[in-house]
2 protein chains.
Amino acid sequence: MRLFDYLDSGNGYKVRLLCAQLGLRYAWTELDIDRGETRTPAFLARNPNGRVPTLELDDGTHLAESNAILWYLAEGSALMPATALGRAQVLQWMFFEQYSHEPYVATPRYIVRHLPADHPRQAELPERLARGRAALEVMERHLAAAPYFVDGRYSIADIALYAYTHVAEDGGHTLAPYASVRAWLARVAAQPNHVRLLDRPTEASTAP
Amino acid sequence: MRLFDYLDSGNGYKVRLLCAQLGLRYAWTELDIDRGETRTPAFLARNPNGRVPTLELDDGTHLAESNAILWYLAEGSALMPATALGRAQVLQWMFFEQYSHEPYVATPRYIVRHLPADHPRQAELPERLARGRAALEVMERHLAAAPYFVDGRYSIADIALYAYTHVAEDGGHTLAPYASVRAWLARVAAQPNHVRLLDRPTEASTAP
(Lines give C-alpha, C1' and ligand atoms only; values in the text may rest on other atoms or scores of the structure.)
Protein backbone atom coordinates (compact mmCIF):
# COMPACT_ATOMS: atom_id res chain seq x y z
CA MET A 1 0.00 0.00 0.00
CA ARG A 2 1.04 3.62 -0.48
CA LEU A 3 0.46 6.55 1.85
CA PHE A 4 0.05 10.02 0.36
CA ASP A 5 1.14 12.31 3.13
CA TYR A 6 3.00 15.43 4.24
CA LEU A 7 5.75 15.01 6.81
CA ASP A 8 4.61 17.84 9.13
CA SER A 9 0.97 16.66 9.10
CA GLY A 10 -0.17 15.31 12.45
CA ASN A 11 -3.01 13.55 10.67
CA GLY A 12 -0.49 11.75 8.47
CA TYR A 13 1.70 11.04 11.49
CA LYS A 14 -1.15 9.09 13.10
CA VAL A 15 -0.95 6.57 10.26
CA ARG A 16 2.87 6.44 10.28
CA LEU A 17 2.88 5.81 14.03
CA LEU A 18 0.28 3.05 13.80
CA CYS A 19 2.10 1.36 10.91
CA ALA A 20 5.36 1.42 12.86
CA GLN A 21 3.68 -0.14 15.89
CA LEU A 22 1.84 -2.81 13.90
CA GLY A 23 4.88 -3.58 11.73
CA LEU A 24 3.03 -2.64 8.51
CA ARG A 25 5.15 -1.75 5.47
CA TYR A 26 4.08 0.95 3.02
CA ALA A 27 5.39 3.11 0.25
CA TRP A 28 5.29 6.82 1.02
CA THR A 29 4.68 9.79 -1.27
CA GLU A 30 5.03 13.26 0.14
CA LEU A 31 2.87 16.08 -1.23
CA ASP A 32 3.68 19.67 -0.30
CA ILE A 33 0.42 21.17 0.93
CA ASP A 34 1.92 24.67 0.87
CA ARG A 35 2.59 24.29 -2.86
CA GLY A 36 -0.91 23.04 -3.71
CA GLU A 37 0.15 19.46 -4.44
CA THR A 38 -3.03 18.11 -2.80
CA ARG A 39 -5.19 20.16 -5.20
CA THR A 40 -3.88 18.83 -8.51
CA PRO A 41 -6.25 16.89 -10.81
CA ALA A 42 -4.09 13.79 -10.30
CA PHE A 43 -4.46 13.91 -6.53
CA LEU A 44 -8.14 14.92 -6.58
CA ALA A 45 -8.75 11.72 -8.57
CA ARG A 46 -7.39 9.85 -5.53
CA ASN A 47 -9.21 11.94 -2.92
CA PRO A 48 -11.85 14.39 -4.19
CA ASN A 49 -11.63 16.21 -0.85
CA GLY A 50 -7.99 17.03 -1.60
CA ARG A 51 -6.45 16.14 1.75
CA VAL A 52 -3.64 14.05 3.14
CA PRO A 53 -3.30 11.45 4.46
CA THR A 54 -4.85 9.27 1.77
CA LEU A 55 -4.05 5.56 1.65
CA GLU A 56 -3.93 3.66 -1.64
CA LEU A 57 -4.62 -0.02 -1.05
CA ASP A 58 -3.09 -2.80 -3.12
CA ASP A 59 -6.27 -3.14 -5.23
CA GLY A 60 -6.14 0.58 -6.14
CA THR A 61 -8.91 1.65 -3.75
CA HIS A 62 -8.22 4.89 -1.89
CA LEU A 63 -9.17 5.51 1.72
CA ALA A 64 -9.14 9.04 3.17
CA GLU A 65 -9.60 10.59 6.63
CA SER A 66 -6.82 9.79 9.08
CA ASN A 67 -9.04 8.23 11.72
CA ALA A 68 -10.85 6.00 9.19
CA ILE A 69 -7.43 4.81 8.00
CA LEU A 70 -6.39 4.07 11.60
CA TRP A 71 -9.58 2.07 12.07
CA TYR A 72 -9.06 0.06 8.90
CA LEU A 73 -5.44 -0.81 9.67
CA ALA A 74 -5.98 -1.57 13.37
CA GLU A 75 -9.01 -3.86 13.08
CA GLY A 76 -8.26 -7.11 14.89
CA SER A 77 -5.03 -5.80 16.44
CA ALA A 78 -4.15 -5.15 20.08
CA LEU A 79 -4.61 -1.42 19.45
CA MET A 80 -8.38 -1.88 18.96
CA PRO A 81 -10.63 -2.71 21.95
CA ALA A 82 -12.28 -6.13 21.89
CA THR A 83 -15.78 -5.02 22.94
CA ALA A 84 -18.42 -3.19 20.90
CA LEU A 85 -18.66 -0.50 23.59
CA GLY A 86 -14.89 -0.09 23.68
CA ARG A 87 -14.79 0.33 19.91
CA ALA A 88 -17.60 2.89 20.08
CA GLN A 89 -15.69 4.79 22.76
CA VAL A 90 -12.62 4.81 20.50
CA LEU A 91 -14.81 6.41 17.84
CA GLN A 92 -16.26 8.87 20.36
CA TRP A 93 -12.75 10.14 21.12
CA MET A 94 -11.77 10.16 17.44
CA PHE A 95 -14.81 12.27 16.52
CA PHE A 96 -14.04 14.52 19.49
CA GLU A 97 -10.52 14.84 18.06
CA GLN A 98 -11.69 15.88 14.60
CA TYR A 99 -14.54 18.18 15.69
CA SER A 100 -13.53 19.71 19.03
CA HIS A 101 -9.73 19.39 19.09
CA GLU A 102 -8.05 19.39 15.66
CA PRO A 103 -9.43 22.77 14.46
CA TYR A 104 -8.31 24.40 17.71
CA VAL A 105 -5.04 22.58 18.45
CA ALA A 106 -3.74 21.64 14.99
CA THR A 107 -4.95 24.63 12.98
CA PRO A 108 -3.20 27.21 15.24
CA ARG A 109 0.01 25.25 14.68
CA TYR A 110 -0.57 25.42 10.92
CA ILE A 111 -1.23 29.17 11.08
CA VAL A 112 1.90 29.81 13.14
CA ARG A 113 4.23 27.51 11.18
CA HIS A 114 2.96 27.82 7.61
CA LEU A 115 1.48 31.31 7.20
CA PRO A 116 3.30 34.68 7.21
CA ALA A 117 3.18 36.75 10.42
CA ASP A 118 0.97 39.37 8.71
CA HIS A 119 -1.50 36.85 7.22
CA PRO A 120 -5.17 37.70 7.98
CA ARG A 121 -5.73 34.23 9.43
CA GLN A 122 -3.45 35.15 12.36
CA ALA A 123 -6.55 36.95 13.70
CA GLU A 124 -8.23 33.56 14.22
CA LEU A 125 -5.70 32.51 16.85
CA PRO A 126 -7.29 33.85 20.09
CA GLU A 127 -10.67 32.20 19.45
CA ARG A 128 -9.09 28.96 18.25
CA LEU A 129 -6.76 28.79 21.25
CA ALA A 130 -9.69 29.37 23.64
CA ARG A 131 -11.60 26.46 22.11
CA GLY A 132 -8.43 24.38 22.16
CA ARG A 133 -8.10 24.97 25.89
CA ALA A 134 -11.66 23.69 26.33
CA ALA A 135 -10.68 20.49 24.48
CA LEU A 136 -7.53 20.08 26.56
CA GLU A 137 -9.67 20.50 29.72
CA VAL A 138 -11.93 17.65 28.58
CA MET A 139 -8.86 15.47 28.03
CA GLU A 140 -7.34 16.48 31.38
CA ARG A 141 -10.54 15.57 33.21
CA HIS A 142 -10.65 12.16 31.56
CA LEU A 143 -6.95 11.39 32.01
CA ALA A 144 -6.99 12.39 35.68
CA ALA A 145 -8.91 9.15 36.26
CA ALA A 146 -7.59 6.85 33.51
CA PRO A 147 -4.15 6.10 32.03
CA TYR A 148 -5.45 5.99 28.43
CA PHE A 149 -8.64 7.05 26.67
CA VAL A 150 -10.45 3.68 26.41
CA ASP A 151 -10.50 0.63 28.67
CA GLY A 152 -7.30 1.63 30.46
CA ARG A 153 -5.20 0.45 27.48
CA TYR A 154 -3.26 2.14 24.70
CA SER A 155 -5.35 2.18 21.51
CA ILE A 156 -5.82 4.09 18.26
CA ALA A 157 -7.84 6.65 20.26
CA ASP A 158 -4.58 7.59 21.99
CA ILE A 159 -2.72 7.75 18.67
CA ALA A 160 -5.42 10.02 17.22
CA LEU A 161 -5.24 12.46 20.15
CA TYR A 162 -1.47 12.28 20.66
CA ALA A 163 -0.67 13.43 17.11
CA TYR A 164 -1.49 17.10 17.57
CA THR A 165 -1.57 17.33 21.38
CA HIS A 166 2.14 16.58 21.75
CA VAL A 167 2.98 19.54 19.49
CA ALA A 168 0.19 21.84 20.73
CA GLU A 169 2.73 24.33 22.05
CA ASP A 170 3.96 24.94 18.48
CA GLY A 171 0.64 26.73 17.88
CA GLY A 172 0.69 28.87 21.02
CA HIS A 173 -0.88 26.54 23.58
CA THR A 174 0.83 25.79 26.85
CA LEU A 175 0.45 22.33 28.33
CA ALA A 176 1.70 23.41 31.78
CA PRO A 177 -1.80 23.43 33.37
CA TYR A 178 -2.58 19.90 32.16
CA ALA A 179 -0.54 17.56 34.34
CA SER A 180 -2.55 14.46 33.48
CA VAL A 181 -2.29 15.19 29.77
CA ARG A 182 1.49 15.59 30.09
CA ALA A 183 1.80 12.29 31.97
CA TRP A 184 -0.28 10.57 29.27
CA LEU A 185 1.91 12.07 26.51
CA ALA A 186 4.92 10.51 28.22
CA ARG A 187 3.16 7.13 28.46
CA VAL A 188 2.29 7.23 24.76
CA ALA A 189 5.82 8.22 23.77
CA ALA A 190 7.16 5.26 25.79
CA GLN A 191 5.12 2.65 23.86
CA PRO A 192 7.16 0.08 21.91
CA ASN A 193 8.13 1.07 18.35
CA HIS A 194 7.18 4.71 18.82
CA VAL A 195 8.28 7.01 16.00
CA ARG A 196 8.33 10.81 16.01
CA LEU A 197 6.34 13.27 13.92
CA LEU A 198 9.27 14.34 11.76
CA ASP A 199 10.85 10.88 11.39
CA ARG A 200 10.88 10.46 7.64
CA PRO A 201 9.67 6.99 6.51
CA THR A 202 12.56 4.94 5.22
CA GLU A 203 10.78 3.89 2.02
CA ALA A 204 10.01 7.48 1.14
CA SER A 205 9.38 8.55 -2.41
CA THR A 206 8.60 12.10 -3.46
CA ALA A 207 5.83 13.56 -5.57
CA PRO A 208 6.61 13.85 -9.27
CA MET B 1 -31.55 3.53 27.01
CA ARG B 2 -32.06 7.28 27.13
CA LEU B 3 -31.10 9.86 24.51
CA PHE B 4 -30.22 13.38 25.65
CA ASP B 5 -31.01 15.50 22.65
CA TYR B 6 -32.44 18.72 21.22
CA LEU B 7 -35.23 18.43 18.68
CA ASP B 8 -33.74 20.82 16.11
CA SER B 9 -30.29 19.18 16.27
CA GLY B 10 -29.38 17.34 13.08
CA ASN B 11 -26.78 15.42 15.06
CA GLY B 12 -29.51 14.20 17.40
CA TYR B 13 -31.79 13.49 14.46
CA LYS B 14 -29.24 11.02 13.07
CA VAL B 15 -29.75 8.86 16.15
CA ARG B 16 -33.55 9.22 16.12
CA LEU B 17 -33.69 8.24 12.45
CA LEU B 18 -31.49 5.19 12.98
CA CYS B 19 -33.49 4.06 16.01
CA ALA B 20 -36.73 4.36 14.02
CA GLN B 21 -35.29 2.29 11.19
CA LEU B 22 -33.82 -0.39 13.45
CA GLY B 23 -36.91 -0.50 15.67
CA LEU B 24 -34.94 0.49 18.78
CA ARG B 25 -36.91 1.96 21.70
CA TYR B 26 -35.47 4.71 23.88
CA ALA B 27 -36.47 7.30 26.41
CA TRP B 28 -35.84 10.86 25.27
CA THR B 29 -34.83 13.94 27.25
CA GLU B 30 -34.71 17.27 25.49
CA LEU B 31 -32.17 19.89 26.60
CA ASP B 32 -32.50 23.45 25.34
CA ILE B 33 -29.07 24.36 23.96
CA ASP B 34 -30.08 28.02 23.66
CA ARG B 35 -30.76 28.13 27.41
CA GLY B 36 -27.46 26.49 28.39
CA GLU B 37 -28.99 23.18 29.47
CA THR B 38 -26.03 21.25 28.00
CA ARG B 39 -23.59 23.22 30.19
CA THR B 40 -25.04 22.42 33.62
CA PRO B 41 -22.95 20.42 36.11
CA ALA B 42 -25.52 17.60 35.90
CA PHE B 43 -25.16 17.28 32.14
CA LEU B 44 -21.39 17.80 32.12
CA ALA B 45 -21.20 14.76 34.41
CA ARG B 46 -22.84 12.79 31.57
CA ASN B 47 -20.75 14.33 28.78
CA PRO B 48 -17.78 16.51 29.82
CA ASN B 49 -17.77 18.01 26.31
CA GLY B 50 -21.29 19.39 26.96
CA ARG B 51 -22.94 18.38 23.70
CA VAL B 52 -26.03 16.57 22.51
CA PRO B 53 -26.72 13.91 21.44
CA THR B 54 -25.47 11.83 24.35
CA LEU B 55 -26.76 8.30 24.83
CA GLU B 56 -27.12 6.78 28.30
CA LEU B 57 -26.94 2.99 28.09
CA ASP B 58 -28.82 0.67 30.42
CA ASP B 59 -25.71 0.12 32.57
CA GLY B 60 -25.31 3.87 33.11
CA THR B 61 -22.45 4.33 30.63
CA HIS B 62 -22.69 7.44 28.46
CA LEU B 63 -21.70 7.54 24.81
CA ALA B 64 -21.26 10.88 23.02
CA GLU B 65 -20.62 12.00 19.41
CA SER B 66 -23.50 11.34 17.05
CA ASN B 67 -21.53 9.24 14.58
CA ALA B 68 -20.02 7.06 17.32
CA ILE B 69 -23.56 6.46 18.62
CA LEU B 70 -24.71 5.50 15.11
CA TRP B 71 -21.82 3.07 14.86
CA TYR B 72 -22.59 1.46 18.22
CA LEU B 73 -26.30 1.02 17.52
CA ALA B 74 -25.89 -0.16 13.91
CA GLU B 75 -23.21 -2.81 14.45
CA GLY B 76 -24.41 -6.10 12.96
CA SER B 77 -27.43 -4.51 11.26
CA ALA B 78 -28.24 -4.12 7.57
CA LEU B 79 -27.27 -0.45 7.84
CA MET B 80 -23.59 -1.37 8.40
CA PRO B 81 -21.51 -2.80 5.52
CA ALA B 82 -20.34 -6.38 5.93
CA THR B 83 -16.73 -5.88 4.79
CA ALA B 84 -13.85 -4.23 6.65
CA LEU B 85 -13.26 -1.89 3.72
CA GLY B 86 -16.95 -0.95 3.56
CA ARG B 87 -16.95 -0.16 7.27
CA ALA B 88 -13.82 1.97 6.86
CA GLN B 89 -15.48 3.82 3.98
CA VAL B 90 -18.50 4.50 6.22
CA LEU B 91 -16.10 6.04 8.71
CA GLN B 92 -14.34 8.01 5.96
CA TRP B 93 -17.66 9.67 5.07
CA MET B 94 -18.60 10.18 8.71
CA PHE B 95 -15.30 11.94 9.44
CA PHE B 96 -15.77 13.97 6.26
CA GLU B 97 -19.19 14.91 7.62
CA GLN B 98 -17.88 16.12 10.97
CA TYR B 99 -14.76 17.89 9.68
CA SER B 100 -15.56 19.18 6.19
CA HIS B 101 -19.38 19.40 6.14
CA GLU B 102 -21.03 19.98 9.53
CA PRO B 103 -19.18 23.24 10.40
CA TYR B 104 -20.09 24.66 6.99
CA VAL B 105 -23.58 23.25 6.41
CA ALA B 106 -24.98 22.84 9.95
CA THR B 107 -23.36 25.82 11.65
CA PRO B 108 -24.75 28.38 9.14
CA ARG B 109 -28.21 26.96 9.86
CA TYR B 110 -27.57 27.41 13.58
CA ILE B 111 -26.39 30.98 13.07
CA VAL B 112 -29.43 31.84 10.93
CA ARG B 113 -32.04 30.11 13.10
CA HIS B 114 -30.72 30.59 16.62
CA LEU B 115 -28.78 33.86 16.71
CA PRO B 116 -30.12 37.42 16.34
CA ALA B 117 -29.73 39.14 12.94
CA ASP B 118 -27.18 41.57 14.40
CA HIS B 119 -25.07 38.91 16.15
CA PRO B 120 -21.32 39.17 15.33
CA ARG B 121 -21.26 35.51 14.24
CA GLN B 122 -23.40 36.45 11.21
CA ALA B 123 -20.08 37.67 9.73
CA GLU B 124 -18.90 34.05 9.58
CA LEU B 125 -21.55 33.10 7.03
CA PRO B 126 -19.80 33.87 3.69
CA GLU B 127 -16.68 31.84 4.51
CA ARG B 128 -18.69 28.99 6.01
CA LEU B 129 -21.04 28.84 3.02
CA ALA B 130 -18.08 28.77 0.62
CA ARG B 131 -16.57 25.81 2.43
CA GLY B 132 -20.00 24.18 2.57
CA ARG B 133 -20.26 24.43 -1.21
CA ALA B 134 -16.92 22.64 -1.47
CA ALA B 135 -18.31 19.81 0.68
CA LEU B 136 -21.50 19.64 -1.38
CA GLU B 137 -19.35 19.43 -4.54
CA VAL B 138 -17.49 16.44 -3.11
CA MET B 139 -20.83 14.76 -2.36
CA GLU B 140 -22.21 15.62 -5.81
CA ARG B 141 -19.20 14.11 -7.51
CA HIS B 142 -19.53 10.88 -5.54
CA LEU B 143 -23.29 10.59 -5.93
CA ALA B 144 -23.16 11.21 -9.69
CA ALA B 145 -21.70 7.69 -9.93
CA ALA B 146 -23.30 5.87 -6.97
CA PRO B 147 -26.80 5.76 -5.43
CA TYR B 148 -25.52 5.82 -1.83
CA PHE B 149 -22.19 6.62 -0.18
CA VAL B 150 -20.85 3.08 0.43
CA ASP B 151 -21.23 -0.17 -1.51
CA GLY B 152 -24.29 1.08 -3.42
CA ARG B 153 -26.48 0.51 -0.35
CA TYR B 154 -28.17 2.72 2.24
CA SER B 155 -26.06 2.79 5.44
CA ILE B 156 -25.32 4.94 8.47
CA ALA B 157 -22.99 6.99 6.23
CA ASP B 158 -26.11 8.19 4.39
CA ILE B 159 -27.90 8.93 7.67
CA ALA B 160 -24.90 10.94 8.90
CA LEU B 161 -24.77 13.07 5.75
CA TYR B 162 -28.53 13.36 5.24
CA ALA B 163 -29.16 14.96 8.63
CA TYR B 164 -27.84 18.42 7.81
CA THR B 165 -27.75 18.25 4.00
CA HIS B 166 -31.53 17.99 3.69
CA VAL B 167 -31.96 21.25 5.63
CA ALA B 168 -28.88 23.01 4.18
CA GLU B 169 -31.07 25.68 2.61
CA ASP B 170 -32.18 26.80 6.10
CA GLY B 171 -28.64 28.17 6.54
CA GLY B 172 -28.41 29.94 3.22
CA HIS B 173 -27.20 27.19 0.91
CA THR B 174 -29.02 26.37 -2.30
CA LEU B 175 -29.12 22.75 -3.42
CA ALA B 176 -30.23 23.64 -6.97
CA PRO B 177 -26.78 23.02 -8.53
CA TYR B 178 -26.48 19.57 -6.97
CA ALA B 179 -28.83 17.30 -8.92
CA SER B 180 -27.27 14.06 -7.74
CA VAL B 181 -27.39 15.20 -4.12
CA ARG B 182 -31.08 16.06 -4.50
CA ALA B 183 -31.86 12.67 -6.05
CA TRP B 184 -30.01 10.97 -3.18
CA LEU B 185 -31.95 13.03 -0.60
CA ALA B 186 -35.17 11.72 -2.16
CA ARG B 187 -33.89 8.13 -2.05
CA VAL B 188 -32.98 8.48 1.63
CA ALA B 189 -36.34 10.03 2.50
CA ALA B 190 -38.09 7.10 0.78
CA GLN B 191 -36.40 4.45 2.96
CA PRO B 192 -38.76 2.39 5.15
CA ASN B 193 -39.54 3.84 8.58
CA HIS B 194 -38.12 7.24 7.76
CA VAL B 195 -38.86 9.96 10.32
CA ARG B 196 -38.42 13.70 9.92
CA LEU B 197 -36.10 16.07 11.77
CA LEU B 198 -38.83 17.74 13.80
CA ASP B 199 -40.88 14.59 14.50
CA ARG B 200 -40.92 14.55 18.29
CA PRO B 201 -40.19 11.10 19.75
CA THR B 202 -43.33 9.62 21.25
CA GLU B 203 -41.70 8.61 24.52
CA ALA B 204 -40.41 12.11 25.05
CA SER B 205 -39.65 13.41 28.48
CA THR B 206 -38.40 16.92 29.19
CA ALA B 207 -35.45 18.19 31.16
CA PRO B 208 -36.13 18.99 34.80
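In chain A, helix α1 (residues 10–22) and helix α6 (residues 156–165) cross at roughly 140 degrees, and their axes come within 8 Å. The model is predicted.

**Helices α1 and α6 of chain A**

- Two packed helices are described by the angle between their axes and the distance between the axes.
- The crossing of α1(A) and α6(A) is right-handed.
- On the α1(A) side, the residues that meet α6(A) are Gly10(A), Asn11(A), Tyr13(A), Lys14(A), Leu17(A) and Leu18(A).
- On the α6(A) side, the partners are Ile156(A), Ile159(A), Ala160(A), Ala163(A) and Tyr164(A).
- Sorted by class, this contact of α1(A) with α6(A) holds 8 nonpolar, 2 polar and 1 charged residues.

**Domains of chain A**

- Chain A is divided into domain 1, which covers 2–78 + 194–206, and domain 2, which covers 84–189.
- The C-alpha centres of these two domains of chain A are 20 Å apart.
- In the contact between them, 13 residues of domain 1 of chain A touch 12 residues of domain 2 of chain A.
- On the domain 1 side, the elements that give two or more residues are α1 and α3 (66–74) of chain A.
- Of these, α1(A) gives the most, with 6 residues.
- The domain 1 side of this contact in chain A divides into 7 nonpolar, 4 polar and 2 charged residues.

**Helices α4 and α5 of chain B**

- In chain B, α4(B) and α5(B) pack with their axes 8 Å apart, at an angle of about 135 degrees.
- These two helices, α4(B) and α5(B), are therefore oblique to each other.
- The crossing of α4(B) and α5(B) is left-handed.
- From α4(B), the residues that meet α5(B) are Ser100(B), His101(B), Pro103(B), Tyr104(B), Val105(B), Thr107(B), Pro108(B) and Ile111(B).
- From α5(B), the residues in this contact are Leu125(B), Arg128(B), Leu129(B), Arg131(B), Gly132(B) and Ala135(B).
- By class, the contact of α4(B) with α5(B) comprises 8 nonpolar, 4 polar and 2 charged residues.

**Contact between chain A and chain B**

- The contact between the chains is formed by 24 residues from chain A and 24 residues from chain B.
- On the chain B side, the elements that give two or more residues are β4 (62–64), α3 (66–74), α4 (84–114) and α5 (125–143) of chain B.
- The element that gives the most to this side is α4(B), with 10 residues.
- The residues of chain B that touch chain A divide into 14 nonpolar, 7 polar and 3 charged.

**Symmetry of the two chains**

- Two copies of a chain are related by a rotation about an axis and a shift along it.
- Here, chain B is superposed on chain A by a rotation of 180 degrees with 0.0 Å of shift along the axis, and the RMSD is 0.0 Å.
- That is the relation of a two-fold axis.
- The same surface serves both copies, as 100% of the contact residues of chain B recur in chain A.
- Among the residues of chain B, Tyr99(B) comes closest to the rotation axis, with its C-alpha at 3.0 Å.

Key:
Residues numbered from 1 in each chain as written. Chains lettered and ligands numbered in written order. Predicted model: local features only at pLDDT ≥ 70, side-chain atom pairs only at ≥ 80, totals over all residues. Contact = placed C-beta atoms within 7 Å. Helix = DSSP H or I, 4+ residues; strand = E, 2+ residues; numbered from the N terminus. Nonpolar A, V, L, I, M, F, W, Y, C, P; charged D, E, K, R; others polar. Least-squares fit on C-alpha atoms with pLDDT ≥ 70 in both. Axes fitted to C-alpha atoms, helices over the stretch in contact; angles between N-to-C directions. Parallel < 35°, antiparallel > 145°, perpendicular 65-115°, else oblique. Left-handed = near helix turned anticlockwise from the far one by under 90°. Domains from an automatic or database assignment.
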